[in-house]
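Me: I am new to this structure and would like to learn how to read its disulfides. Could you take me through them slowly?

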Amino acid sequence: MWVVPALLLALSSGALSLDKLDMCMDAKHHKVSPGPEGKLYNQCAPWKDNACCTANTTEEAHEDNSYLYNFNWDHCGAMSNKCKKHFIQDTCFYECSPHLGPWIQKVDQSWRKERILDVPLCKEDCHEWWEDCKDDLTCKTDWHKGWDWSSGINKCPSNSKCRPWTSVFPTPKDMCEKIWSQSYLYTTDSKTSGRCMQLWFNGTNPNKKVAKYYLNNAQHHQSFALIPLLFMAVTVFSVVL
């Protein structure tokens with residue numbers, strides 16, 4: 001009598017893993033499910049073949065005063081263009097990527113029901129991002145929370161001051177992991193490794209293979225965890241017979 005539920009559990013785990021390979025987050029601007037978008041704007045264009053974002057979302061991602069989140073990049077003076085391009089790319093990745101399933105977590109927030117946690121980023125992306133922003137200023141390590149929103153856009157809280165980027169984020173690892181509340185995990189893996197997610201790419205999206213790798217690993221560990229349950233189920237079933 002235990003065999004059928006145990007087998008169903010094993011089969012359903014595999015099905016859930018397949019679903020996570022191609023899905024969209026339950027968040028403010030995401031589509032319900034991914035699909036082609038022929039006119040994604042500028043830096044978001046690489047996702048046009050299979051995207052969780054719409055064309056309007058990608059256009060807004062490039063605006064300084066975007067309605068997406070009313071977020072002010074220039075909270076410590078004008079952000080340099082070379083730095084800002086990484087934040088635009090980061091927004092495109094967050095809004096458009098259909099292969100973040102392995103790292104999606106449930107949350108109870110007013111603007112989203114799901115978020116990403118510990119997405120492993122390729123070292124080139126973290127280092128280039130940090131390098132291009134190192135001459136800029138900011139007043140906070142975690143940009144997800146703690147801002148003064150009294151004016152409708154984010155401003156530095158009264159108890160903070162603008163400091164050099166390298167003072168707030170001494171290393172690329174500090175920046176990548178802290179700036180969005182552990183959304184990203186810094187790795188020493190390169191883009192050619194197939195073990196890390198790329199914020200930047202041309203042509204075919206390389207991140208699907210990476211997500212598949214992590215899903216297969218998770219499913220492998222899950223399968224080993226089910227072995228004792230299946231063994232017990234078979235034993236009990238044999239005794240009953």
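Me: Which cysteine does a disulfide join to cysteine 126?

Reply: A disulfide is a pair of cysteine sulfur atoms within 2.5 Å, and here one joins cysteine 126 to cysteine 176, with an S to S distance of 2.1 Å. Cysteine 126 lies in helix 4 (residues 123-133) and cysteine 176 in helix 6 (residues 172-178), so the pair ties together parts that are 50 residues apart in sequence; helices (H or I, at least four residues) and strands (E, at least two) are DSSP runs, numbered from the N terminus. This is a predicted model, in which local features need pLDDT of at least 70 and side-chain atom pairs count only at pLDDT 80 or more, while totals for chains, interfaces and linings use all residues. Residues are numbered from 1 along each chain as its sequence is written, and side-chain values use heavy atoms, with hydrogens and water left out.

Me: How many disulfides does the count come to by this rule?

Reply: The count comes to eight disulfides, and one of them joins cysteine 44 to cysteine 92, with S to S at 1.9 Å. Cysteine 44 sits in the loop between helix 1 (3-20) and helix 2 (55-61), whereas cysteine 92 belongs to helix 3 (residues 81-96), 48 residues apart.

Me: Is cysteine 44 buried or exposed?

Reply: Buried means under 20% relative accessible area, exposed over 50%, and partly exposed in between (1.4 Å probe, protein chains only); by that rule cysteine 44 is buried, as is cysteine 92. Cysteine 126 and cysteine 176 are buried too.
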